[in-house]
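Please consult the sequence and the 3D view while reading.

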Amino acid sequence: MTVLLPWFALVVTILAGWAIIKRLSTSMVLLFAGLAMISFAVICGVHGFLPKGVKPSGFVWFDIFELLRSIATKQTSGIGLLIMVAGGYAAYMDRIGAAHALVRVCVKPLDALSSPYLVLVMGYLIGQALVTVIPSAAGLAMLLLVALFPILRAVGCSAAASAAVIGTSAGMTLGPASGTANLAAQTAGLEPIIYFVQCQLPVAIPTLIVVAICHYFVQKYYDKKNDDVYSDAILTKKDDLRNVPAWYAILPVLPIALMIVFSKLVYSAVKLNTISALLLVWVFTIIVELIRRRDFKPVLADGAFIFKAMGGMFSSIVALIICAEFFATGLKVTGLISALITHAQGMGLGLNGMTAVLTGVVGIVTFLTGSGVGAFSSFAALAPEVASGLGGTAAAFVTPMQFASGMLRAMSPVAGVIIAVAGAAGVSPMAIVRRTWIPMIAGMITVLIANVVFLG
């Protein structure tokens with residue numbers, strides 16, 4: 001019966017993909033898909049599936065849940081904690097107004113530019129720079145709709161063009177604040193800041209240039225066509241934004257600056273962990289807020305908001321990562337991954353060919369569901385084994401997959417960020433998507449080429 005295991009896993013994977021596309025809970029789909037594969041493997045006589053260091057319970061069916069416990073323990077105390085703290089910190093910066101201060105400072109120089117579409121391109125690049133400290137695509141889009149959207153409209157860009165650029169501003173999820181980037185770094189066996197500098201930036205820089213050039217010509221072309229159908233736009237509320245000093249813009253980027261300084265990139269004698277840097281600046285910011293506002297109750301309430309946001313990150317991302325690794329273990333136990341590696345070697349695909357195939361799968365699922373986290377998490381855990389089997393590095397395998405999870409979201413009509421910016425502009429999501437798909441596809445092609453050149 002063991003010969004049937006890879007085929008069973010393939011059928012389960014296809015069904016799981018169908019269920020995710022139908023918008024069933026991604027984490028629950030992955031959990032039960034993994035449970036089905038491991039259970040069938042046990043029925044077929046496969047018992048040695050527990051990780052090293054985890055003792056068997058004495059009853060193989062209990063071992064399945066011992067496996068799930070060990071995965072949950074490892075992820076919650078490792079990459080899961082990092083993602084929760086990073087997400088909580090970003091939410092706290094948004095709550096106290098520091099994130100908006102950063103956006104306000106960054107977009108101010110755009111007022112001096114005279115060319116509408118040059119302003120548009122610069123706005124896109126600023127948005128992509130901001131995503132390193134404001135990793136939420138929807139959150140960043142809302143801030144840019146307040147700060148950048150009026151500037152783009154004032155210089156002569158259409159509402160649809162402005163919204164399209166803002167909708168793609170978080171397409172490349174860069175930096176140690178991003179959940180998928182942290183997961184990719186852990187998968188590659190690198191510190192988040194090292195992964196950002198050594199893996200993401202070499203691929204991202206040429207990609208940003210290509211996407212920016214595409215935006216210039218695509219948005220100009222559709223503005224000349226002038227065939228967008230507008231309705232009532234959803235006005236972005238400005239009343240909820242706090243009035244804070246301009247120097248608060250430093251606070252969101254301060255953890256990244258500290259991590260770069262205290263790493264092997266600059267000063268290796270002292271090392272500053274990502275979580276430690278985030279917590280350090282969080283406490284520092286609370287003290288600054290106490291001195292500036294002199295009101296203990298609301299300042300401490302804001303400070304505690306980080307824990308609420310961390311809980312939200314656990315339910316939305318960390319739980320998904322736990323279920324995705326359980327699913328990936330099922331794929332390994334059934335022998336499907338070994339079969340794929342053998343088949344790829346037989347076809348002569350090699351690492352780059354397999355990378356392109358799985359990047360395409362992640363991109364398609366992201367496009368269909370509007371969310372890249374589930375698609376990327378489902379395949380990220382497979383990277384080390386697949387890369388090792390094909391004679392490459394996990395970093396080269398996982399980087400384009402991680403970028404696909406963001407860039408294909410920016411051309412999905414069901415993605416929350418696209419729906420939000422479409423509503424703000426008063427057009428349909430499809431009107432935004434027709435303006436974003438060319439830049440994003442061109443960007444993904446550039447990602448794959450740059451990945452081969454710089455990481456392959």
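Helix α20 spans residues 416-425 and is mostly covered, with seven of its 10 residues buried. Here, buried means under 20% relative accessible area, exposed means over 50%, and partly exposed lies in between (1.4 Å probe, protein chains only). Helices (H or I, at least four residues) and strands (E, at least two) are DSSP runs numbered from the N terminus. After α20 comes Gly426, with a positive phi near 80°.

The model is predicted: local features need pLDDT of at least 70, side-chain atom pairs count only at pLDDT 80 or more, and totals for chains, interfaces and linings use all residues. Residues are numbered from 1 along each chain as its sequence is written, and side-chain values use heavy atoms, with hydrogens and water left out.

## Helix α7

Helix α7 is also mostly covered, as eight of its 11 residues are buried. Among them are Ala137, Leu140, Ala141 and Leu143. The cover over the buried residues of α7 includes α4 (79-96), α5 (98-107), α6 (116-130), α8, α9 and α20.

## Pockets

The largest pocket holds about 980 Å³ of space. On a 1 Å grid over the protein atoms alone, a pocket is an open set of points with protein on both sides within 12 Å along at least five of seven lines, whereas a cavity is a set of points where a 1.4 Å probe fits but cannot get out; lining residues have an atom within 4 Å of a point. Grid points are joined across faces, edges and corners, and a volume is the space filled by probe spheres set on the points. Of the 46 residues lining the largest pocket, Ser136, Ala137, Ile317, Val373 and Arg409 lie nearest its centre. The lining comprises 24 nonpolar, 19 polar and three charged residues. In this classification, Ala, Val, Leu, Ile, Met, Phe, Trp, Tyr, Cys and Pro count as nonpolar, Asp, Glu, Lys and Arg as charged, and the others, Gly among them, as polar.

The second largest pocket has a volume of about 730 Å³. It is lined by 33 residues, with Leu10, Thr13, Leu336, Leu340 and Phe379 closest to its centre. Helix α1 gives the most to this lining, with nine residues. By class, the second largest pocket is lined by 28 nonpolar, five polar and no charged residues.

## Cavity

A search of the whole structure finds one cavity of 30 Å³ or more. The largest cavity has a volume of about 80 Å³, and its lining consists of 13 residues, including Tyr89, Ala177 and Pro255. Helix α12 gives the most to this lining, with four residues. The lining of the largest cavity has 11 nonpolar, two polar and no charged residues.

## Cysteines

No disulfide, defined as a pair of cysteine sulfur atoms within 2.5 Å, is found in a search of the whole structure. Cys157 is buried, at 1% relative accessibility, and Cys214 is buried at 16%.

Methods:
Contact means heavy atoms within 4.5 Å.
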